[in-house]
Amino acid sequence: MRNLLSPAVCSLPAGSRFLRFAVEMTTPFTSADAGAALWHTEGMHRLTLGDFELSAFSDGTYPLDGGAFFGVIPKVMWSRKVAADDKNYVTTGLNSLLIRTGTQTVLVETGMGNKLSDRMKKFYGQPAKLLENLSAAGVAPEDIDIVINSHLHFDHCGWNTVRDENGKIVPTFPRAKYYAPEGEWQYARKPSERDAISYIPENYDPLVESGQMTLLRGGEEIVPGISVKTFRGHTACMQGIIVRGSQNSPPFDKLRAGSVAESATRVGHPPDSSLVPTACYISDLMPTTAHMDLTWGMGFDLYPLDTIESKKEYYARALPEKWLTVFTHDPHVPWAYIEKDEAGKMVAKEAK
Ligand SMILES: [Zn+2]
């Protein structure tokens, strides 16, 4: 649980979150940065994107080995951006994206959940905060119409299911239609020895068997404006979730009463009004703002050279079209606009 973590093992300067990000990306951090608040402890984050409303929710944080998190990048470099504790753990977020389309409520990714084995709890803890964070914003499990998983690693689909009082695995979101990449599910049935620990069949097999989970090949539009696209690298079949607000529709400005404070609302329109407002939950292709550089991939990636090619493919659209990037594991920044500065370096800009 949390006692696996040092009191604060994270990176950004205290008090900052979005506005100073361009500075943060080029300014070395020190261990004095530890202690910055995690984004989900500072209130909810919400914005409008065309006619959709987007909210970020957290399942909590967990510790990952800093070396594994940054692959071949030397610690002398990554430790300028992210501070590690005395065991070399860095704090990792578990960020879900809630999309209200006006008629449907869509949940992208379901965190780590509450069904980890004792052995896995020793490594990762089990924060299991997602349902209570959704509840605090007035969202009940029955409200979710659609659940989308980018891939099926345990820290991305954990709340797909829960154990009921009789120990039976049941859907956490009883009314929801679930979606996940077909290639992920096929692979998860016979994973390599290297990443077998990351697949927990109880998170998806009962849903596939009951017909509640639909398997995707990549490229499908799940509801108008929300589609998936395969980005190979972290795994062979991981999919990003692309949300495109309609250009012509009025903004989705009716915020649900009694949910979150008005002050937390941020409006995510690209500065150029000729562009279709677009967001992408890019998942483990780019898990945090510290992984924006093409070569900063995770050690967990099964196909690291493809991670680089997929990032290039993503940036080729996301930069000129000013997409909002949603970060699955960033404990400080759930989303940001990525821009290339004069020196060619990727910087994250606050969504507003
Ligand atoms: Zn993963």
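Cys237 counts as partly exposed because its relative accessibility is 26%, where buried means under 20% relative accessible area, exposed over 50% and partly exposed in between (1.4 Å probe, protein chains only). Cys280, by contrast, is buried at 0% relative accessibility, and a search of the whole structure finds 0 disulfides, a disulfide being a pair of cysteine sulfur atoms within 2.5 Å. This is a predicted model, in which local features need pLDDT of at least 70 and side-chain atom pairs count only at pLDDT 80 or more, while totals for chains, interfaces and linings use all residues. Residues are numbered from 1 along each chain as its sequence is written, and side-chain values use heavy atoms, with hydrogens and water left out.

The zinc ion is coordinated by His151 (NE2), His153 (ND1), His234 (NE2) and Asp284 (OD), at 2.1 to 2.3 Å; donors are N, O and S atoms within 2.8 Å of the metal (3.2 Å for Na, K and Ca), and since water is not among the atoms, sites may look incomplete. Along the chain these donors follow the spacing H-x1-H-x80-H-x49-D. His151 and Asp284 lie 133 residues apart and link distant parts of the chain. Both are enclosed, for His151 is buried at 0% relative accessibility and Asp284 is buried with a relative accessible area of 2%.

Turning to strand S1 (residues 45-49), 5 of its 5 residues are buried, so the strand is largely enclosed by the rest of the structure; strands (E, at least two residues) and helices (H or I, at least four) are DSSP runs, numbered from the N terminus. His45, Leu47 and Leu49 lie on one side of S1, and Arg46 and Thr48 on the other.
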